[in-house]
Amino acid sequence: MKTPALMQRASLSAQQAMRRPPWAGGRSGLPGMLLILPALAMLAALYIYPLLSSIVMSFVSDAGVGLENYRKAFSLYLIDMLYTVGITILSLAIVFVISVAIAGYLRFNRWPFLNFVYRLPLFIPFLIVGHSMRVFLAPHGILNLILSRITGIPELPGLAFGWGGLVISYVWKQFPLATLLILGAFQSVEDSYIEAALNLGSSRLRVIREILLPISGPTVLVAMVLTFVSTIGCLTIPLLVGAPKPVMLPVDMSFRVTYFNDWGVANALGVISYVIVIVLAYYYLKHMVREEGA
Amino acid sequence: MATLEIQGLTKTYGQLKALDNVNLTVQEGELMAVLGPSGSGKSTLVRSIAGFVAPDAGHILLGGRDITFERPEKRNTAMVFQSYALWPHMTVLQNITYGLKLRRLSPEEIARKVEWALDLVDLSGLEGRYPRQLSGGQQQRVALARALVVDPEILLLDEPLSNLDAKIRYRLRFEIKKLQKRLNITTIYITHDQEEALSIADSVVLLKDGKVLQAGRPEEIYSNPKNSFVAEFLGASNVITDLVLQDREGLYVMLGGARLPVPAYKQPGEEVSIVIRADEVELGGEMPEGDHEHVSFSGKVNDQMYLGSRRRYEIETVEGHSLLIDSDRELPTGSVIRLCVDRDKIYIY
């Protein structure tokens, strides 16, 4: 997965580390540790401790320590788990296509308007996105009113309360960040790499696929991981948009806690979400390594 | 292989004229060196031939076909970049194969051509390496192979050797020339190094501020530089400016007590440039009586520098001009000597 640029940078910094000038301090001096201590403490208190405790608590139920919470989670929410994975992967795929298309277009063409406007959803909170999608995609929402005018069909099914609306909302909210990251990576690819490919007869589409994407591999991976994690962990959008059943896992977790005060199953569902992310990331990385090796 | 014709090519960037009405013809199989200082427009020229720059005016004809506004991918030119632009995520083999795959050749044909190209640039055995695992010279060869393997109509070399150290540069220069002759491929070679241009090219074009200052065979342009800039750029180390004098015999200028005639288009009192190459002056020794082929003048050795095979002397003339002269003779600093130079080797503008 390492690109040459990354490896060069890595080896460069290794060289620099070996030849440190005499005035440079040691790698891990006490002042350094003190400087990062507040950040580390926050991370430990607010993230690492709750993570560990939620893993522990997922194995504790009224029946004592065991897999009771997981048994319950699978028997009640297996459909939701599959639904969550499916919706997230579908959204991710669409985000990938859209963000690469926009980033690719902007790498070859100057269009300040597009370059500005694609970022707008970044600044709109999840709650607002959920609510406006609910209004926009409702059976008598803005989209359907416009479509009815155009097509002349008076009653159209609304997208807001099905998987379609959910995917549209996720994609709309998530693609700008992915585009921002991928465009940044595309823009740091030297012009001469692109020109060399065009010069040999490559089309722009092929340049994006065969030159820009592979060279930007690590950044694309980061963009996709961020998109995946924030989609699978998002609560507000699936609370407002989507069918009553099946639902995304965060909704189930919130439901277990709010109505049953059942932290055990909620934690088990949380741990299952982590496992989903880890397993998919593992397969993705393995796939990438194979591609690289081929 | 094809003839390249450039007619009235002009490109402006804001106030800057990168190309100013450039007219050139490169014959089939000819290697033309485009020489010029940085900012002279030579890169813009080659980039507009490749299609990365759209000219404001003029035409580019390749084999009679007008390609001025054709997309780069349709032109069938092949460019070797100064940075080589080898794709870092592809092996040598993948880099070289890329253009062939785009041409939808059969796997057998691709294999045959790649083998030919690897053999051509003497890189067999390195197919599986990544660019970062190659030396600069090897990377340069891969870039050359990648360009040549697609059988382009014209080869564009944009300062192909400027990132290499002197020894490899010297060797690769001759290899490129041999290769180009063997394949008989029309080639444009961009460089800022006059020695490289003169040694490799069939014809040399000197650009400055987007204009062609002079074009011709290397010998022609070297022995008949059109003006002091061309002379200086082609390696003349001494450009002396002085004022034109006049007496009954006509216009002249003085150098080391010798009288040098000045072209008639000059006015008395006007500035004139005298251009002399460091290695074309003989130090010491008297000129035979009645020799009209040579000019003899005198100067004082002010300083010297040992260069290995020869010495470089700084000579001061009685007029206060300072000249750099190379010689294999050993002379003490401070000595006053006679200098002798072929009349044809003094350029006065």
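The model is predicted. Its largest nonpolar core has 134 residues, and helix H3 of chain A gives the largest share of them, 12 residues. Welcome in; the points below go topic by topic.

**Nonpolar cores**

- Within the largest nonpolar core, the residues that touch the most other members are Ile211(A), Leu4(B), Leu45(B), Trp87(B), Ile96(B) and Ile188(B).
- Helix H3, which supplies the largest share of this core, spans residues 68-108 of chain A.
- Leaving aside residues up to four places away in sequence, Ile211(A) touches Tyr193(A), Ala197(A) and Arg206(A), along with Trp87(B), His89(B), Met90(B) and Tyr98(B).
- Another core, of 26 residues, lies apart from the largest one, and its members include Leu255(B), Val272(B), Phe297(B) and Tyr313(B).

**Two packed helices in chain A**

- H3(A) packs against helix H10 (residues 217-232) of chain A at an angle of about 140°, and their axes are 10 Å apart.
- H3(A) and H10(A) are therefore oblique to each other, and their crossing is right-handed.
- On the H3(A) side, the contact is made by Thr84(A), Thr88(A), Ile89(A), Ser91(A), Leu92(A), Val95(A), Phe96(A) and Ser99(A).
- On the H10(A) side, the contact residues are Val220(A), Met224(A), Thr227(A), Phe228(A), Thr231(A) and Ile232(A).

**A buried strand in chain B**

- Strand S8 (residues 186-191) of chain B is mostly covered, with six of its six residues buried.
- One side of S8(B) carries the buried residues Thr186(B), Ile188(B) and Ile190(B), while the other carries Thr187(B), Tyr189(B) and Thr191(B), also buried.
- Strand S3 (residues 31-35) of chain B pairs with S8(B) in the parallel sense over five bridges, and Met32(B) stands opposite Ile188(B).
- Strand S7 (residues 154-158) of chain B also pairs with S8(B) in the parallel sense over five bridges, and here Asp158(B) stands opposite Ile190(B).

**An open sheet in chain B**

- Five strands of chain B form an open sheet in the order S16-S20-S17-S18-S19, with antiparallel pairing.
- Strands S16 (281-283) and S19 (322-327) of chain B each have a single partner strand, so one side of each is left without a neighbour in the sheet.
- Neighbouring strands of this sheet are turned by 45° against each other on average, direction ignored.
- S16(B) pairs with strand S20 (residues 336-342) of chain B in the antiparallel sense over three bridges, and Val281(B) stands opposite Val341(B) in S20(B).

How values were computed: Residues are numbered from 1 along each chain as its sequence is written. Chains are lettered from A and ligands numbered from 1 in the order in which they are written. This is a predicted model: local features need pLDDT of at least 70, side-chain atom pairs count only at pLDDT 80 or more; totals for chains, interfaces and linings use all residues. Side-chain values use heavy atoms; hydrogens and water are left out. A nonpolar core is a set of buried Ala, Val, Leu, Ile, Met, Phe, Trp, Tyr and Cys residues joined through side-chain atoms within 4.5 Å. Buried means under 20% relative accessible area, exposed over 50%, partly exposed in between (1.4 Å probe, protein chains only). Helices (H or I, at least four residues) and strands (E, at least two) are DSSP runs, numbered from the N terminus. Contact means heavy atoms within 4.5 Å. Two strands pair if DSSP finds at least two bridges between them. Axes are lines fitted to C-alpha atoms, for helices over the stretch in contact, and angles run from 0 to 180 degrees between N-to-C directions. Angles under 35 degrees count as roughly parallel, over 145 as roughly antiparallel, 65 to 115 as roughly perpendicular and the rest as oblique. A crossing is left-handed if the near helix is turned anticlockwise from the far one by less than a right angle, and right-handed if clockwise.
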